[in-house]
Amino acid sequence: MLTCFIRYEIDPFRKEDFATYARNWGEAIPRCGADLIGYFGPHEGSATTAYGVYNIESLAAYEAYRARLAADPLGRENYEFARRERFILKEDRMFLKNVSLPDGNGATR
């Protein structure tokens, strides 16, 4: 299992647009096959940093998931919303594996 962490730099005056974007992914991401942990927007401190976090089985599963997300009507609409409104200034994505559990792959003994 891999966890995808997406770090967003957002326009601090467009936090509500990011919240709408996040709620849309809250519907589309699980439907398309990833285990959404959540989207996290600014509350206190930085007004420009937000995160999206979800689990996916593997990088191969990620590629199939991204294709389903791009074909999903709400997914397409959300991509277009972000492109059109430009409230996301920067997006960085990384995949991490939970190595803190006893066998390193998320299963307990």
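The model is a predicted one. The chain has 109 residues, and 34% of them count as buried. Its C-alpha atoms fill a box of roughly 45 × 35 × 20 Å along the principal axes. There are three helices and four strands, and along the sequence they follow the pattern β-α-β-β-α-α-β. If you take the contacts with a separation of 6 or more, 66% of them come from residues 24 or more positions apart.

There is one annotation to mention.

In what order do the four strands sit? The order is β2-β3-β1-β4, in an open sheet with antiparallel pairing. That puts β2, residues 35-40, and β4, residues 88-96, at the edges, where each pairs on one side only. From one strand to the next, the twist averages 15°.

Let me go through the pairs. Strand β1, residues 2-10, is joined to β4 by eight bridges, and one place to look is R7, whose bridge partner in β4 is D92. Eight bridges also join β1 to β3; there, L2 stands opposite I56 of β3. Between β2 and β3 there are five bridges, and G38 has V53 in β3 as its bridge partner. Strand β3 itself is mostly covered, with seven of its eight residues buried.

Which residues of α2 are buried? They are Y62, Y65 and L69. Looking down the axis of α2, the buried residues fall within an arc of 65°, so they line one face of the helix. A60 and E63, on the other side of α2, are exposed. The cover over the buried residues of α2 includes α1, which is residues 15-32, along with β3, α3 and β4.

The same check works for α3. Its 13 residues should span 18 Å at 1.5 Å a residue, and the end C-alpha atoms are 18 Å apart, which agrees. Its buried residues are L74, G75, N78, F81 and A82. Seen down the axis of α3, they fall within an arc of 120°, so these residues also line one face of their helix. P73, E77 and R83 are exposed on the other side of α3.

What do the buried residues of α3 pack against? They pack against α1, α2 and β4.

Note on methods
Residues are numbered from 1 along each chain as its sequence is written. This is a predicted model: local features need pLDDT of at least 70, side-chain atom pairs count only at pLDDT 80 or more; totals for chains, interfaces and linings use all residues. Side-chain values use heavy atoms; hydrogens and water are left out. Two strands pair if DSSP finds at least two bridges between them. Helices (H or I, at least four residues) and strands (E, at least two) are DSSP runs, numbered from the N terminus. Axes are lines fitted to C-alpha atoms, for helices over the stretch in contact, and angles run from 0 to 180 degrees between N-to-C directions. Buried means under 20% relative accessible area, exposed over 50%, partly exposed in between (1.4 Å probe, protein chains only). The arc is that of the directions from the helix axis to the C-beta atoms. Contact means heavy atoms within 4.5 Å. The expected span of a helix is 1.5 Å times one less than its number of residues.
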